[in-house]
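Okay, everyone, thanks for coming.

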Amino acid sequence: MNVDNDVDQHLLHQFSCLGTTDKDDLVKQLQRLLAGSQLNEATAAFFLDMNNWNLQAAICSYFDFESPFKFPCMTLVCDSTIGEGESVPPNTKFQKSWRVQNSGTEAWPSGVCLQHTAGTQMGDCMRVSVPSLAPKETIELSVTLTSPAHLGVYQSKWRMMTPTGSYFGDNIWVIITVSECGTLAVTQQLHQLSTSQSNDVQMW
């Protein structure tokens with residue numbers, strides 16, 4: 001009994017059963033077949049497109065491309081500015097910052113970014129460029145957001161992303177309560193003013 005031949009025939013049968021010309025279906029099938037690879041829709045579409053939307057060829061290209069590549073690592077150290085559920089007035093700009101660490105053994109590649117992936121979009125900022133970080137180094141990432149117009153609790157999910165569109169590291173959340181009595185923006189403005197005045201005094 002030729003086990004390798006049986007396995008090959010089984011895979012070919014699976015691919016033949018997945019026959020479709022719908023691009024959205026092909027993207028979902030590629031994600032399902034590579035379920036353990038953290039493959040998002042954009043990356044799946046990229047590999048399919050470069051192989052003329054041939055599913056089997058896209059899988060081969062993916063493994064050829066990713067096999068020597070080790071995914072970066074990122075650990076969320078702390079929320080630097082606000083905690084979960086902090087109150088913010090409606091339609092108000094505020095800054096959200098996190099301290100993160102490269103918890104892996106290799107430097108982050110150039111071109112990584114912090115990307116909004118789910119939840120409420122607060123303002124126009126969807127992506128923030130992040131410099132390459134050496135192993136064990138930390139960095140503070142900040143985004144300027146605008147609170148929604150209506151009262152309530154809102155959350156927004158962010159993740160680190162490689163230049164090829166693959167997510168890595170801990171999930172990062174913004175969770176705020178929009179309230180008429182919210183004081184976060186005022187507190188941040190007073191802190192910035194105090195810091196600015198302190199710097200002016202030191203310059204003199």
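So, Lys136: at 54% relative accessibility, this one is exposed, where exposed means over 50% relative accessible area, buried means under 20%, and partly exposed is in between, with a 1.4 Å probe and protein chains only. Lys136 sits in the loop between β5 and β6. Its phi is positive, about 75 degrees, and it isn't a glycine. For context, most residues other than glycine have a negative phi. Asn91 does this too: not a glycine, and a positive phi of about 50 degrees. You'll find Asn91 in the loop between β2 (86-88) and β3, and at 55% relative accessibility Asn91 counts as exposed.

Quick housekeeping. This is a predicted model, so local features need pLDDT of at least 70 and side-chain atom pairs count only at pLDDT 80 or more, while totals for chains, interfaces and linings use all residues. Residues are numbered from 1 along each chain as its sequence is written, and side-chain values use heavy atoms, with hydrogens and water left out.

Now the overall layout. We have five helices and eight strands; these are DSSP runs numbered from the N terminus, H or I of at least four residues for helices and E of at least two for strands. Along the sequence the order goes α-α-α-α-β-β-β-β-β-β-β-β-α. The protein has 204 residues, and 34% of them count as buried. The accessible surface is about 11,900 Å², with 52% of that belonging to carbon and sulfur atoms; areas come from Shrake-Rupley with a 1.4 Å probe, and for residues only the protein chains shown count as cover. And if you take contacts (heavy atoms within 4.5 Å) between residues at least 6 apart in sequence, 68% join residues at least 24 apart.

On to charges. How many salt bridges does the structure hold? Two, using a side-chain nitrogen of Lys or Arg within 4 Å of a carboxyl oxygen of Asp or Glu as the rule. In one of them Asp79 pairs with Lys96, and the closest N and O atoms are 3.0 Å apart. Asp79 is in strand β1 (residues 75-79) and Lys96 in strand β3 (residues 93-101), so this pair ties together parts 17 residues apart in sequence. Is Lys96 buried or exposed? Buried, with a relative accessible area of 2%, whereas Asp79 is partly exposed at 35%.

The other bridge joins Glu140 and Arg99, with the closest N and O atoms 3.8 Å apart. That one links distant parts of the chain: Glu140 is in strand β6 (residues 138-146), Arg99 is in strand β3, and they are 41 residues apart. Both ends are partly exposed, Glu140 at 40% and Arg99 at 29%.

Now look at Ser80, in the loop between β1 and β2. Ser80 is partly exposed, at 31% relative accessibility. Its C-alpha is 9.0 Å from that of Leu141, which is 61 residues away in sequence.

Leu141 comes up again with Val130. Beyond its neighbours within four places, Val130 is in contact with Trp108, Val112, Cys113, Leu114, Leu141 and Met160. Val130 lies in the loop between β5 (127-129) and β6, and at 5% relative accessibility it's buried. Gly111 is 19 residues from Val130 in sequence, and their C-alphas are 7.2 Å apart.

Then there's Cys125, in the loop between β4 (113-119) and β5. Leaving out residues up to four places away, Cys125 touches Val143, Thr144 and Trp158. Cys125 and Val143 are 18 residues apart in sequence, and 7.2 Å apart C-alpha to C-alpha.

Last stop, the surface. Asp22, Asp24, Asp25 and Glu41 form a negative patch. For a patch, residues need over 30% relative accessible area and no salt bridge; like charges are joined within 9 Å, and nonpolar side chains (Val, Leu, Ile, Met, Phe, Trp, Tyr) within 5 Å. Asp and Glu count as negative, Lys and Arg as positive, and His and the chain ends are not counted. Each charge is placed at NZ of Lys, CZ of Arg, CG of Asp or CD of Glu.
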